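Here is a short tour to read alongside the model. Keep the viewer open and follow the stops one by one.

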Amino acid sequence: MGRPPRPALARWALLPVRLIVGYGFIAHAQAKLLRGPDVFANTLHGLGVPAPLLMAWATILVEFFGGLVVLLGAFVALASIPMAIVLIVAIATVHLPFGFSSVKLVAVTPAGPQFGPPGSEVALLYLAGLAALVMGGAGPWSIDAWLRRRHADPALTSD
């Protein structure tokens with residue numbers, strides 16, 4: 001009796017997905033920027049990615065601005081395309097050889113735990129989050145929802 005009916009809660013189901021996916025992409029972009037885009041470009045060069053500096057900046061921009069628009073819930077379906085491409089390339093060039101698991105405890109030393117190279121798990125979780133947002137929409141408290149309401153009610157467009 002104290003629990004709201006599922007449909008009332010269902011509209012909020014994708015909000016935490018949207019927030020963590022958006023924030024996660026921004027955090028990854030920020031980490032690349034703080035280390036320096038040329039450091040990331042050197043990594044891409046080592047992986048055989050063509051035009052590594054251009055691709056480093058493209059990745060950083062997709063992660064930052066894609067993360068921001070997902071976080072805000074704006075044009076999520078459109079923003080998900082380049083974001084998914086970045087994830088698929090990362091899986092194919094970096095994570096796939098290391099299997100699925102992203103947490104591979106190698107040893108515990110006095111300095112703390114030491115981990116092996118991450119598998120594709122986290123990138124696949126981000127892809128699943130993007131797919132859920134594309135299929136389910138950005139949800140409430142999003143620019144997409146506000147634009148839909150504004151388009152549906154012409155009285156809101158007259159200022």
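## A first stop: Leu124

Let us start with Leu124, which is found in helix H6; helices here are DSSP runs (H or I, at least four residues; strands are E, at least two), numbered from the N terminus. Leu124 is partly exposed, with a relative accessible area of 36%. On that scale, buried means under 20% relative accessible area, exposed over 50%, and partly exposed in between, with a 1.4 Å probe and protein chains only. Leu124 touches Ile91 and Phe100, leaving aside residues up to four places away in sequence; a contact means heavy atoms within 4.5 Å. The C-alpha atoms of Leu124 and Ile91 are separated by 8.1 Å, although the two residues are 33 residues apart along the chain.

## About the model

This is a predicted model, in which local features need pLDDT of at least 70 and side-chain atom pairs count only at pLDDT 80 or more, while totals for chains, interfaces and linings use all residues. Residues are numbered from 1 along each chain as its sequence is written, and side-chain values use heavy atoms, with hydrogens and water left out.

## Aromatic pairs

The structure holds three aromatic pairs. Rings of Phe, Tyr and Trp (its six-membered ring) pair if their centres lie within 6.5 Å; planes under 30 degrees apart count as stacked, over 60 as edge-to-face and the rest as tilted. One of the pairs is Phe25 with Tyr126, an edge-to-face arrangement with 5.3 Å from centre to centre and 75° between the planes. This pair links distant parts of the chain, with Phe25 in helix H2 and Tyr126 in helix H6 (residues 121–136), 101 residues apart. Phe25 and Tyr126 are both buried.

Another pair is made by Phe64 and Phe65: their ring centres are 5.1 Å apart and their planes lie at 85°, so this pair is edge-to-face. Phe64 is partly exposed at a relative accessible area of 31%, and Phe65 is partly exposed at 46%.

## Helix H3 and its two faces

Which residues of helix H3 (residues 37–46) are buried? They are Pro37, Phe40, Ala41 and Leu44. Seen down the axis of H3, these buried residues fall within an arc of 105°, so they line one face of the helix; the arc is that of the directions from the helix axis to the C-beta atoms. The buried residues of H3 pack against helix H2 (15–35) and H4.

The face turned away from the buried side of H3 carries the exposed residues Asn42, His45 and Gly46. His45 has a relative accessible area of 55%.

## From H3 into H4

Just after H3, Gly48 takes a positive phi of about 85°. Further on, Ala51 sits in the loop between H3 and H4, and its phi is near 45°, a positive value in a residue other than glycine. Ala51 is partly exposed, with a relative accessible area of 42%.

Pro52 belongs to helix H4. Not counting residues up to four places away in sequence, Pro52 touches Ala41, Leu44 and His45. The C-alpha atoms of Pro52 and Phe40 are separated by 8.3 Å, and the two residues are twelve residues apart along the chain.

## H4 against H5

How do the next two helices meet? The axes of H4 (residues 52–72) and H5 (residues 76–95) come within 9 Å and cross at roughly 145°. These axes are lines fitted to C-alpha atoms, for helices over the stretch in contact, and angles run from 0 to 180 degrees between N-to-C directions. The crossing of H4 and H5 is left-handed, a term used if the near helix is turned anticlockwise from the far one by less than a right angle, with right-handed meaning clockwise.

On the H4 side, the contact is made by Thr59, Val62, Glu63, Gly66, Gly67, Val69 and Val70, and on the H5 side by Val76, Ala79, Pro82, Met83 and Val86. The residues of this contact divide into eight nonpolar, three polar and one charged; Ala, Val, Leu, Ile, Met, Phe, Trp, Tyr, Cys and Pro count as nonpolar, Asp, Glu, Lys and Arg as charged, and the others, Gly among them, as polar.

Phe75 lies in the loop between H4 and H5. Phe75 has a positive phi of about 55° although it is not a glycine, and it is exposed, with a relative accessible area of 52%.
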